Amino acid sequence: MSQIAIVTSPVAALGRFVLFLLQEMGRLALFFLEGLVYIFYFPFQFFKIAEQVYFIGMKSVFVICLTGAFTGMVLGLQGYYTLVKFGSEGMLGPAVGLTLIRELGPVLAAIMVTARAGSAMAAEIGIMRISEQIDALNTMNINPVRFLFSPRLAGALISLPLLTAIFDVVGIFGGYLTGSLMLGISPGIYFSHMVEAVVMTDINGGFVKSVVFAGVVATITCYQGYYTHLRAEGFGAKGVGLATTSAVVFASVMILITDYVITSFML
Amino acid sequence: MSEPLIRFDDIHKRFGTNEVLNGVNLSVYEGEITTVIGKSGGGKSVLLKHIVGLMQQDEGRVLIEGKPLREMTRAERRAMKRRFSYMFQGNALFDSMTVYDNVALPLKEKTDMPKKEIPGQVEKKMDQLDLHDIHNKYPSQLSGGMQKRVALARALVTDPEIVLFDEPTTGLDPVRKNAVHSMISDYQQQFGFTGVIVSHEIPDVFYISQRIGMLDEGRIIFEGKPEDIQNSRDPLVQRFVQGFESRHDQLTGMAPQSQGEQRYREEIARMDRYQNVFSLILLTMDRIDGERKRDHEAHQTALKEFSQRIRNHLRLTDICSRYGMNKLMIILPNANQQQAEEVCAKLAANLQTTEGADALFGSEGCFRVTAGIAEAAKDSPIEQVLSAAEEARNPFYEFRVC
């Protein structure tokens, strides 16, 4: 290899990577915008959206309650033993409430939805892609993005804020279970301090996050499935498997990154 | 000849460094079935996908009614797509939907048909394709042949003007394969659509196609009628056809059409040399029980069974070959017209009495086999003798199996 090539090849590789990244981001953004616009296109897909609300929302309630309860319980335990060192165990209610409402509720609910519904959406759409079902929609003059993605996006936008609310409430009662019932903090203190500390801005912030995360989860998981055929490292069933893995990993990472970005804007 | 409905004009398509289509020129005419034949992985499906815009060519033009596809506006393209239907190689049925929903989907999503009328239209199409009592089943619960029929019902439910078939018989056994071909031919005649088939089923597709395009090394090396391709003197075309054609027709176990024609030419040569006579019998099998007329699988099973029994009753020197979707040709060397008639009468009698009509076909349904006999004259082309046999179809040899 010539000396010039030694110098330029890493630069070229970096350039290729950046171009690839830009192309992917652009395609992802267009995919999201197209899906969002088609939600409002006539005729509205009420039935399909309701189906997705049931699949993404209703079917996730159990797992959300379970993770919410244990998250609240562990927050209660950890919070109590930390606060008791400073004689501030009375502040456990606000600590649990604010942590859940501002951060953990939206983030963990979104990650749980990614794991449960997002992976299924990526796999389903991926299989439709490799078995030419998406091409079949195209040939029937049916817009695949409208038919497949828009109802899922709408379903996630409706479901995730509600699931986050359930997560928060169950988590708060989980904290109450360990903090008050097990470790002896007065329930009155736990709840009254929480009511004093939590303001509407916190709830709105959590709501905004959950809406953004819904968009992130639905878009990334559906996108990964939709473009399974473009994956260079695997075709067919292997490609769908890789798409599903990528969907869960990317969506989870993007949830954490967007969480940081939103939080930094809000504070 | 009239203006082609679809024309590929110097189409090039590359995937990386692999040039799959290397200047394809092909015309598809209205109301005809045009079949593109070629090796597996030779770019046939890629070519088909260019028609509906599932793939874009790197160079060249796809013209629909003379207008380049790329120059169409979005609205024009949408309107054009409404005229098409596509039957995929793997059927592409929506596996999470029932059969009814699969067939109804194009009507629900892309037509203005009132909701009340959709079940009637779906029912009608499913009935025409002999799909009964499977409305609430899922595609995975159906046999391969049944799935093909559902895919065909979905492709035809909007009454399209142009239907594209991507390897419609892949993975099917000979009976089902022939049933699908017969189905396509039957419905093309019934509904009058223009069909484009991509296939490597030679010679089966010759029986149902009006035009053949032969794709090799990314180019169309032959375009014309099926009989022209079989009679082509071009060594490349001959090699290609012979490479695909098996010694025996998979369904009937008889020689394929081209070999039947070859034997005919040999008999003509013998006639010249030794002054022999020979005759030809053309057997045509039709289904005549109205209601179940479209049970193509039963028809092909019956043809298979019938062919086997015919072979058992003929002399060793007689030459049988398949000569169309439901036609068999028998060459009787050293037999004049009268002797051939006697052989035929004996054959019919044997089939009726010794085998028993019901046992013969082993399936429900009524079939009629007509026999036409003609004696070959010196230097007479096969088409002439066959046409004489066709005209002389004698009801005396007609027998029904119900």
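Q: Why is B:Lys39 called partly exposed?
A: In this predicted model, local features need pLDDT of at least 70, side-chain atom pairs count only at pLDDT 80 or more, totals for chains, interfaces and linings use all residues, and side-chain values use heavy atoms, with hydrogens and water left out. Residues are numbered from 1 along each chain as its sequence is written, while chains are lettered from A and ligands numbered from 1 in the order in which they are written. Buried means under 20% relative accessible area, exposed over 50%, and partly exposed in between (1.4 Å probe, protein chains only). B:Lys39 has a relative accessible area of 41%, so B:Lys39 is partly exposed.

Q: What makes the pair B:Lys39 and B:Glu217 a salt bridge?
A: The term asks for a side-chain nitrogen of Lys or Arg within 4 Å of a carboxyl oxygen of Asp or Glu. Here the N to O distance is 3.8 Å, and the two side chains meet in a salt bridge. The pair links distant parts of the chain, 178 residues apart: B:Lys39 sits in the loop between strand S3 (33-38) and helix H1 (44-51) of chain B, and B:Glu217 in the loop between strand S9 (211-216) and strand S10 (219-224) of chain B. Helices (H or I, at least four residues) and strands (E, at least two) are DSSP runs, numbered from the N terminus.

Q: Is B:Glu217 buried or exposed?
A: With a relative accessible area of 63%, B:Glu217 is exposed.

Q: How do you know that the salt bridge of B:Glu109 with A:Lys48 joins two chains?
A: The closest N and O atoms of this pair are 3.3 Å apart, and a salt bridge forms. B:Glu109 belongs to helix H3 (residues 99-110) of chain B and A:Lys48 to helix H2 (residues 46-57) of chain A, so the pair joins two chains. B:Glu109 has 30% relative accessibility and therefore counts as partly exposed.

Q: Why are B:Arg270 and B:Glu267 said to be about one helical turn apart?
A: Both lie in helix H10 (residues 257-274) of chain B, three residues apart, which means a separation of about one helical turn. An α-helix has 3.6 residues a turn, so residues three or four places apart point the same way. B:Arg270, at 31% relative accessibility, counts as partly exposed, whereas B:Glu267, at 8%, counts as buried.

Q: What makes H4(A) and H8(A) roughly parallel?
A: Angles under 35 degrees count as roughly parallel, over 145 as roughly antiparallel, 65 to 115 as roughly perpendicular and the rest as oblique. Helix H4 (residues 92-130) and helix H8 (residues 200-226) of chain A pack at about 15 degrees, with their axes 8 Å apart, and are therefore roughly parallel. Axes are lines fitted to C-alpha atoms, for helices over the stretch in contact, and angles run from 0 to 180 degrees between N-to-C directions.

Q: How do you know that B:Cys320 is in no disulfide?
A: A disulfide is a pair of cysteine sulfur atoms within 2.5 Å. A search of the whole structure finds zero disulfides over all chains. For B:Cys320, the nearest cysteine sulfur, that of B:Cys344, is 12 Å away. B:Cys320 has 12% relative accessibility, so it counts as buried.

Q: Why is H1(B) called mostly covered?
A: Eight of its eight residues are buried, among them B:Lys44, B:Leu48 and B:Ile51. B:Gly53, whose phi is positive, near 80 degrees, follows H1(B).
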